[in-house]
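Colleague: I would like to go through the chain contacts with you. Please tie each term to its definition.

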Amino acid sequence: MSDNEKIKKVSIIISKGSLEGIYPGLIMANGARMKGIEANVFFTFFGLDAITKNKMNKIKVATVGNPAMGIPTLVGAAPGMSALATTMMKKQMEELDIPPIPEFVEMIHDAGGGMYACLASVEMFKLKKEDFCDQVKGILTIGDFYDISAGGEIIFT
Amino acid sequence: MSDNEKIKKVSIIISKGSLEGIYPGLIMANGARMKGIEANVFFTFFGLDAITKNKMNKIKVATVGNPAMGIPTLVGAAPGMSALATTMMKKQMEELDIPPIPEFVEMIHDAGGGMYACLASVEMFKLKKEDFCDQVKGILTIGDFYDISAGGEIIFT
Amino acid sequence: MSDNEKIKKVSIIISKGSLEGIYPGLIMANGARMKGIEANVFFTFFGLDAITKNKMNKIKVATVGNPAMGIPTLVGAAPGMSALATTMMKKQMEELDIPPIPEFVEMIHDAGGGMYACLASVEMFKLKKEDFCDQVKGILTIGDFYDISAGGEIIFT
């Protein structure tokens with residue numbers, strides 16, 4: 001370490017609604033808490049699905065638009081392919097002891113991580129506080145987000 | 001707020017060319033200016049479309065590769081679906097008083113936000129200074145970008 | 001520059017496995033080294049392809065899910081379209097003197113940039129140290145990553 005000042009806080013923004021779009025942010029938040037780093041997660045745009053009660057159990061993998069998956073687009077577009085890739089990724093996560101999204105959100109929350117929804121996105125999708133899981137601490141404006149993030153690293157995923 | 005030092009500056013990179021890829025960065029830049037935080041926006045790769053005169057009015061939503069939209073891939077791929085989703089998102093933004101891309105760029109500029117194009121991307125797409133809207137202050141190298149970003153938060157969207 | 005403190009270090013996370021998902025992070029790492037800024041690159045999720053020996057030569061452009069490419073989805077999904085767009089982007093990069101991925105990784109490494117793989121992703125894809133190119137300095141946990149990133153900017157691409 002070339003610097004004697006440690007990271008004190010991370011503010012992670014989750015903006016995508018696919019499994020591979022949500023996991024990196026949660027893994028980084030969890031890793032921060034395990035190091036004793038303050039961690040807050042802000043869910044915005046489609047990322048809100050990860051904390052929305054009737055959606056957080058149904059998050060899928062995107063099988064098109066990602067050539068790294070090695071699935072030709074026409075095959076990836078076939079009905080059922082996303083479900084298949086989703087089952088595979090869930091199994092891989094389980095082998096790594098990384099829990100499904102709802103349990104992961106709960107785990108990070110219980111480890112002291114703050115979970116917040118972005119106000120503009122909440123209004124855009126016409127959601128309410130009660131649509132979110134219990135771990136969500138509040139709905140914040142961008143301004144509130146900058147206040148909470150001061151003195152740390154902002155990571156947009 | 002656990003820290004008495006506020007955020008002084010944000011440097012936001014917009015690298016995607018879809019509506020849902022461009023709005024988060026602009027919303028964060030606007031929110032920063034409303035808090036009195038210095039905000040600079042750097043448009044790179046496909047994000048350049050947001051400041052390119054003959055493209056900034058025609059930005060669309062991506063209807064495939066995003067399972068959170070709830071549109072099956074084969075349906076999302078049908079001609080017209082992207083236009084439909086684009087119309088819907090534009091209406092949602094309007095309800096939130098978030099302006100269309102060109103007006104939003106102008107608004108952030110008028111509020112003191114700096115708008116910059118990334119040199120490597122400008123050369124890659126063979127664009128010129130005059131292809132960009134008037135709000136663009138300059139074309140910067142990555143090195144210039146790091147200079148301008150010093151002392152703040154870098155947010156890659 | 002409104003601040004007399006320069007950026008000392010950047011920690012860039014590359015999480016996507018398409019050409020247009022990998023290049024921005026490498027370009028930012030290279031630009032940092034050219035300014036004398038310490039640069040470390042962490043490859044995670046599909047971004048691991050960029051340092052995996054039998055994949056780093058075969059990275060492709062995503063031709064669907066990106067309306068900015070101007071390719072209708074059904075055309076983008078046609079066999080061969082991704083290969084065509086990949087050839088075009090490679091040519092554009094070559095004109096800008098930006099090398100292909102493997103040479104670019106080597107160049108940044110030789111300029112002093114640190115290349116690291118993310119442990120959770122390495123396990124998820126069941127990879128081993130010897131699957132990576134020689135420039136990879138190590139496999140890190142998220143905790144290690146935060147240690148290495150202290151005192152700099154974290155940029156998630």
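Predicted model: local features only at pLDDT ≥ 70, side-chain atom pairs only at ≥ 80, totals over all residues.

Modeller: Residues are numbered from 1 along each chain as its sequence is written, while chains are lettered from A and ligands numbered from 1 in the order in which they are written.

Colleague: How do you know that chain C is in contact with chain A?

Modeller: Two residues are in contact if their C-beta atoms, placed from the backbone, lie within 7 Å. By that rule 31 residues of chain C are in contact with 30 residues of chain A.

Colleague: Which helix supplies the largest share of the side of chain C that touches chain A?

Modeller: That is α6(C), with six residues. Helices (H or I, at least four residues) and strands (E, at least two) are DSSP runs, numbered from the N terminus. On this side, α5 (119-124), α6 (142-149) and β5 (153-156) of chain C each supply at least two residues.

Colleague: Why are α1(A) and α6(C) called roughly perpendicular?

Modeller: Axes are lines fitted to C-alpha atoms, for helices over the stretch in contact, and angles run from 0 to 180 degrees between N-to-C directions. Angles under 35 degrees count as roughly parallel, over 145 as roughly antiparallel, 65 to 115 as roughly perpendicular and the rest as oblique. Helix α1 (residues 19-34) of chain A and α6(C) pack at about 75°, with their axes 8 Å apart. The pair is therefore roughly perpendicular.

Colleague: Which residues meet there?

Modeller: From α1(A) come Ile27(A), Met28(A), Gly31(A), Ala32(A) and Met34(A), and from α6(C) come Ile142(C), Gly143(C) and Tyr146(C). By class, this contact has six nonpolar, two polar and no charged residues. Ala, Val, Leu, Ile, Met, Phe, Trp, Tyr, Cys and Pro count as nonpolar, Asp, Glu, Lys and Arg as charged, and the others, Gly among them, as polar.

Colleague: What makes the two copies related as by a three-fold rotation axis?

Modeller: Copies are superposed by least squares on the C-alpha atoms of residues with pLDDT of at least 70 in both. A rotation of 120° with 0.0 Å of shift along its axis superposes chain C on chain A, at RMSD 0.0 Å. The copies are thus related as by a three-fold rotation axis.

Colleague: Which helix of chain C gives the most to the side that touches chain B?

Modeller: α1(C) does, with seven residues.
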